[in-house]
Amino acid sequence: MIEAHALSKRYGERVAVSDLSFTVRPGAVTGFLGPNGAGKSTTMRMILGLDAPTSGQVTVNGRRYADHPAPLHEVGAMLEARAIHTGRSARNHLLALAATTGIPRRRVDEVIDTVGLQDAARTRVGRFSLGMGQRLGIATALLGDPATLVLDEPVNGLDPEGVLWIRTLLKDLAAEGRTVLLSSHLMSEMALTAEHLIIIGRGRLIADTSVSEFVRATPGGSVRVRCDDAVALTALLAGPDVDVAALGGGVLEVTGLTSERIGRIAAQHAIALSELTPQQASLEQAFMELTRDDVEFRPPARDLDPAPVPTSEGQPA
Amino acid sequence: MSAMTSSPAAAAPGPAATVHSRVTQRRVLHSEWIKLRTLRSTFWTLIAATVSLIGFGALFCAITANRWPHMSAGDKAGFDPALTSLRGYFLAQLAVGVLGVLVITGEYATGMIRATLAAVPRRLPVLWAKAALYSLVTWVLMTVGALAAFLIGQGVLSSRHLGTSLSAPGVTRMVLGTGLYLTVVGLLGVAIGALIRNTAGGIATLFGVLLVLPALAEALPSSWGNRFGPYLPGNAGQALISLPREAHPLAPWTGFTVFCVYAVVALAASAVLLGRRDA
């Protein structure tokens, strides 16, 4: 269980995290999502006591991280895959960290097996591929058999097999009743791995919701309708908040009405439908929609819809 | 999860519960010992320090023994057998100082420091362990090295009957002092590494303080330079390796104490900052 209360962090003038409150519960994978520079890594560093909050506080299992007598047993962390001295072998890296807390040697060999680094355990980390580095980062996080895991972008740089492996591993860990918080800037990845979502942008909380709820509440979902008399149906569906676009060939794209409602209207007027499909706006799109005003850097506005771009309110230069 | 329980007593009844051990200074020492001995840079740098200490001492002695008949009276008067055999310390201090800085900045450069401080969030045990272990390793190696350099050097010089022995006045102090001076150089390196947190900056600062400051002090009017010069870290520390007959402004152990004070102050400052700064 991770609890953040009104957590804020300023680096000089720059506000990295602002009044952030959330709870990460055990037994589920929680995705920590936000565009680059949203404050995810800063928040994670504050969880681990590496950065001190400017105000507010964050606790793990009811205590500040630094107050735990054996933090490796409480929280396993992978902050950046490369938070590892490149001159040391993987095994020696793990042995050194294990020694701080009196974790036995056999546990080191266990986690090496778990992440599948047996053959590379004695190789210097500097020679590792990105994927191997990620695996060593996961091994480091698992070392103390912690009830809580905090992982910053764990799938970055992994090949598809590695991505699948990590997804399964994290779900298994959560199923064992652990608290798993992982950050990403990819909504699509989160949708596959996480059950719960904490979305931030520019250091502020944007959403704290379950993945299924997020999918359901995603605005902009349209319904694709195909029928013989598209013109008649268009007239029947028209309303204040309804938008009907004719795509040709009797296909309509309707926004503002549920598929159920459309089906009912068509039935009442005896219009035969040959297709009625809710179009789930892709999660990635919904996420981008949600964080549109909160990305730190963005390409020139010509790529975006002209209407919702706020140019007046303090966009960073 | 047994990790939810904070005391070993509470964890005991659970069937699969492991009694979770806590972080202690002793364990952090063990961890830092593993870190120190599992890096190649440690090995090679310490070899370099020892080889320069012994090798250059032997080389200077051999050259002196060889050139003795041709040396001027002034050169002969300025010659000291003990100091000549220990001269390698001037090069050895580079290796020892660089490794001292690297013990800390190597972790910042690679990001390892985050893993280290996440494992030991109270932080200070890490600094104490690094400082203590590195000082101990340097002291043992450099004392043995200085003794070897002295004995080899005197062996070489004895061919011209120029050698001296440990029982001569001030000689034991100079030999042991070489090991002690180099130890504190290493410790100062650790402290400056922790203050600056960057390898290039740390090394530049350390040797700026040790080697460049004394040269700058010489540019001052002599009334100032003579007054403050001896109290500069490098000068003060090297008082311990000075000749008894030389009128060094600071007594050997006074100078060394001044040098130690610099190191302790730097270490204390780095301890305060380590606790305050974001990692």
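Leaving aside residues up to four places away in sequence, Thr193(A) touches Val29(A), Arg167(A), Leu170(A) and Lys171(A), where contact means heavy atoms within 4.5 Å. The model is predicted, so local features need pLDDT of at least 70 and side-chain atom pairs pLDDT 80 or more, while totals for chains, interfaces and linings use all residues. Residues are numbered from 1 along each chain as its sequence is written, chains are lettered from A in the order in which they are written, and side-chain values use heavy atoms, without hydrogens and water.

Thr193(A) belongs to helix 7 (residues 187-193) of chain A, helices being DSSP runs of H or I with at least four residues and strands runs of E with at least two. Thr193(A) is buried, at a relative accessible area of 3% (buried is under 20%, with a 1.4 Å probe and protein chains only).

Turning to the interface, 39 residues of chain A are in contact with 35 residues of chain B. The area buried between the two chains is about 3,200 Å², with 59% from carbon and sulfur atoms; this is the accessible area (1.4 Å probe) lost on putting the two parts together, summed over both. Leu50(A), Arg88(A) and Thr100(A) supply 19% of what chain A buries against chain B, more than any other three residues.

The rule finds 1 salt bridge across this interface, joining the side chains of Asp278(B) and Lys9(A) at 2.6 Å, N to O (a side-chain nitrogen of Lys or Arg within 4 Å of a carboxyl oxygen of Asp or Glu). Strand 1 (2-11), helix 2 (71-74) and helix 3 (90-100) of chain A each supply at least two residues of the side touching chain B, and helix 3 gives the most, with 7 residues.

Conventions:
Buried < 20%, exposed > 50% of the residue type's maximum accessible area, 1.4 Å probe, protein only.
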